[in-house]
Amino acid sequence: MPSAAMITTPKKSNKILMAGNKAIAEGAILAGCRYYFGYPITPQNEIPAHMAKRMPQVGGCFVQAESELAAINMVFGAAAVGVRCMTSSSSPGISLMQEGISYLAGAELPAVIVNICRGGPGLGNISGSQGDYFQATRGGGHGDYRTIVLGPASVQEMYDLTFAAFDLADYYRIPVMILADGVLGQMMEPVVLDPDRRSRSDLPEKNWALTGAKNRPPRVIKSLYMGEGELEEHNLRLDKKYRKIQSQEVRYEEYWVDDANLLLVAYGSSARISKAAVNMARKRGIALGLFRPISLYPFPSAALAARAVKIGRVLTVEMNTGQMIEDVRLAVNGSCQTFFYGRPGGGVFDHEEIFQYCLRLMGQA
Amino acid sequence: MLSREEYHSGVKEAWCPGCGNFGILNAEKRALVELQLAPEKILIVSGIGQAGKFPHYLRCNFFNGLHGRALPVALAAKLANPELTVIVHNGDGDCYGEGGNHFIHTIRRNPDITCIVHNNKVYGLTKGQASPTSDKGFKTKVQPYGVIHEPLNPLALAISLDCSFVARGYVGDLQFLAELIKAGIQHKGFALIDILQPCPTFNRVNTFRWYEERVYHLEEDREFDPKNQLKAFHKALEWGERIPLGVFYLHPKPTMEEQIPALAAGPLYRQKIQPSKVLDIMEELSALS
C-alpha cells in the first residue's frame, strides 16, 4: 500500500495534458468518489487502471468485479450506505448493467455510471460511436424511469461533468450517466484541474442511507411496492422528480447561432467535428451555427426549439443512423425543417464531410 | 482420410507472437485429424477474449457469441442437435469470471460438451488485468499493489461438482495436450480441459520456463486413481512447486441429452412437428371451457 507521502494533490490551476478516461477518474476523485467497481472492457480500461492506482492513495477502495452485473450491484450496495461511488464500462457492459440501473432508479440511489460507448449492436467493434443514445436517454432498463445523462465533448468536460454528476446524483437521488465514446476516452487534451472545487452547498442530508440503526428505527432500501396503489404513487413521485430535473438541469452550448441560416445539432464527438465544420464555413462566409446539447436527459428542448424556429433549418449530426434526431424533432415539433447526417458502426466523419453535406443542403455545392 | 489441411480456415491469427493459443490450435487440429472428425460434424462455440478468436482459425461450424456465455449457447445447440460434436473454447476470465455461474450449472447438467479453457491467468484482450485464476500478489497495471484475492481453482471446483471429466493440459506439452483433447471429445458427458498457457505479453510470471520447472504427469503417480473423487480433489489442490497434468477425475454418467425423452427420436431440428400429438390436450381444454 502507498504511504501518505505518495498522495499527489494537483497544484492549483494545474493545466496538464490528460486522456479523457483519466480525466473522468480524476473528476470523480475530486468529487469525493472513494468506491470504484468495474470489469475490463475496451475502450475504457484506463478508467479502472487509474482508479486502481489512485483509490488507495486517497483512502478509497477499488474492486475489479467478476462481471458487469457484479460491478453494478457493488455500486448498488455502496450507494445504499451513502458513499459516493461509480462504475464505468463500454456499450455491451452497460447493457449488462441495465437491470441494476433500473433498480438504482427505483430505489432512488445516487450513483455515477460512465459509458465510453463503442460500436454496436452486439459485440460490434471498439471504435467510438454514439449508438447508445436511445439506451442512455430512455432509461435503458425495464420500468418507467429516467437517468440524468451528460454528454461531454472535450477532456475538460469529462473532468467537469463527472464532478457535476456526483452532485446531481446526490441532490436528486438518481443514477447519473456520463455518455462519451471511445474517441473522447482515448484522446489527450490539456485539462485545467481545479483542486479547490467544492460540491454545491445545498445537498440534502442522506437521511435514507443504511448507516446502522442505533437510537433510531432501521431504514429500508427497496424498489418493491406491492401494496394497492403503492407503485403508482412511487412512479408519480419519480415523475415529479424527473419534471423538476427537466426544468432545472438543462445544459447546452450555442456556437455562431445568431445569424446562422442552417443550425447543426450535435453532442459529444460529433459536436466537436460539427464545430470544426462551422469554423470552416464561417471562414468562407457561410452562416452555419451549432447547438450542442450537454445534458442529453434532460434534453434542452425549449432552448433548441426557440433557436431552431428562428433559423428554420436544422441538421442533426450523429455517429449512428439517427437517434437524437427523434428528440430534435420532438423539440421543434414541426416548426422547422429537420435533416440528418450520420455514420454508424464506429464510422467517424470528418468536418470536411459535414461541411460538404451542409453546402449540398443549402444548395451551394 | 481427413488431412490436417481440412481444418485450416485460412484466416490469419490475431494473437501475439509466442502466444500459447497457437499451441492449443495445433493440438486441437492434431486431435481432430486423429479422431477423423469431419469439420461439418463439429460445432465450436466461443465467447469473448483471446480464446474467443479460436474458432475463426479452424475450419468447422462456429458460433462466436457473448463474453462469458459460451456454455449456455453450446448446451442448447447440443440439445437441438446431439449429433454435433460440440467443443467450447473460452478463457479464464470468460469461463471462470463473467461466465462463472454458467460454468457451475453446465457441469451440473452434464451435456456431452468438451469445455476447453485457455488459462493464461490474465486478461489478454483488454490488455493485462488480473483474471480469476491470477495468483495472489500478481501485479498488473490494474492491480498495481498486487492481487489480494485467492485464485479460483477450476479443477477443484469442477471435481467438487462431480464433473464427469476433469483434466489439465499445458501448451508446452503438445502431444500430451492433443491426447487430452482427444479424450475429452471422446468422453460422453461434460469434459473440462483447463489448459495452462503462458501469455508472453501480459503475464511475465507464469512463463514457459516457470511451468517447465513445475509440471509433471499424474500418471507418474502409480497409485493415483481418477475415479476417486476425494483423491482427485486432493490432487487438484496441488499448485506451486509441482503442478500435475492429466486426467484428474472421471465419472461416466448419463448425459443431459440422454435424459430428455423428446431426443430419443433424433435431433429436434429433424423431427417433424406433429399437430396430432396436441389433439388430446386441445380436447381436454375445450372440455373445460
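Tutor: A residue is called buried when its relative accessible area is under 20%. Please keep that cut-off in mind as we read this predicted model.

Student: How many residues of strand 13 of chain A are buried, and what follows for the strand?

Tutor: Strand 13 of chain A covers residues 313-318, and five of its six residues are buried, so the strand is largely enclosed by the rest of the structure.

Student: Which strands pair with strand 13 of chain A, and in which sense?

Tutor: Strand 10 of chain A, residues 262-265, pairs with strand 13 in the parallel sense over three bridges. Strand 14 of chain A, residues 337-342, is also a parallel partner of strand 13, over six bridges.

Student: Which strands are joined to strand 4 of chain B?

Tutor: Strand 3 of chain B, residues 85-91, runs parallel to strand 4 and is joined to it by six bridges; here B:His89 has B:Ile116 as its bridge partner. Strand 6 of chain B, residues 191-196, likewise runs parallel to strand 4, with six bridges between them, and B:Leu192 of strand 6 stands opposite B:Cys115.

Student: Is helix 1 of chain A enclosed or open to solvent?

Tutor: Helix 1 of chain A spans residues 20-30, and nine of its eleven residues are buried, so the helix is largely enclosed by the rest of the structure. Among the buried residues are A:Asn21, A:Ile24, A:Glu26 and A:Ile29. After the helix comes A:Gly32, which has a positive phi near 95°.

Student: What does the radius of gyration say about chain B as a whole?

Tutor: A compact globule of 289 residues would have a radius of gyration near 19 Å, and the 20 Å of chain B agrees with this. Chain B contains nine helices and eight strands, and 53% of its residues are buried. Of its contacts with a separation of 6 or more, 72% are between residues 24 or more positions apart.

Student: How many charged side chains does chain B have?

Tutor: Chain B has 31 positive and 31 negative side chains, and the centres of the two sets lie 5 Å apart.

Definitions and conventions
Residues are numbered from 1 along each chain as its sequence is written. Chains are lettered from A and ligands numbered from 1 in the order in which they are written. This is a predicted model: local features need pLDDT of at least 70, side-chain atom pairs count only at pLDDT 80 or more; totals for chains, interfaces and linings use all residues. Side-chain values use heavy atoms; hydrogens and water are left out. Helices (H or I, at least four residues) and strands (E, at least two) are DSSP runs, numbered from the N terminus. The radius of gyration is taken over C-alpha atoms; the globule rule is 2.2 Å times the number of residues to the power 0.38. Buried means under 20% relative accessible area, exposed over 50%, partly exposed in between (1.4 Å probe, protein chains only). Contact means heavy atoms within 4.5 Å. Lys and Arg count as positive and Asp and Glu as negative; His and the chain ends are not counted. The place of a charge is taken as NZ of Lys, CZ of Arg, CG of Asp or CD of Glu. Two strands pair if DSSP finds at least two bridges between them.
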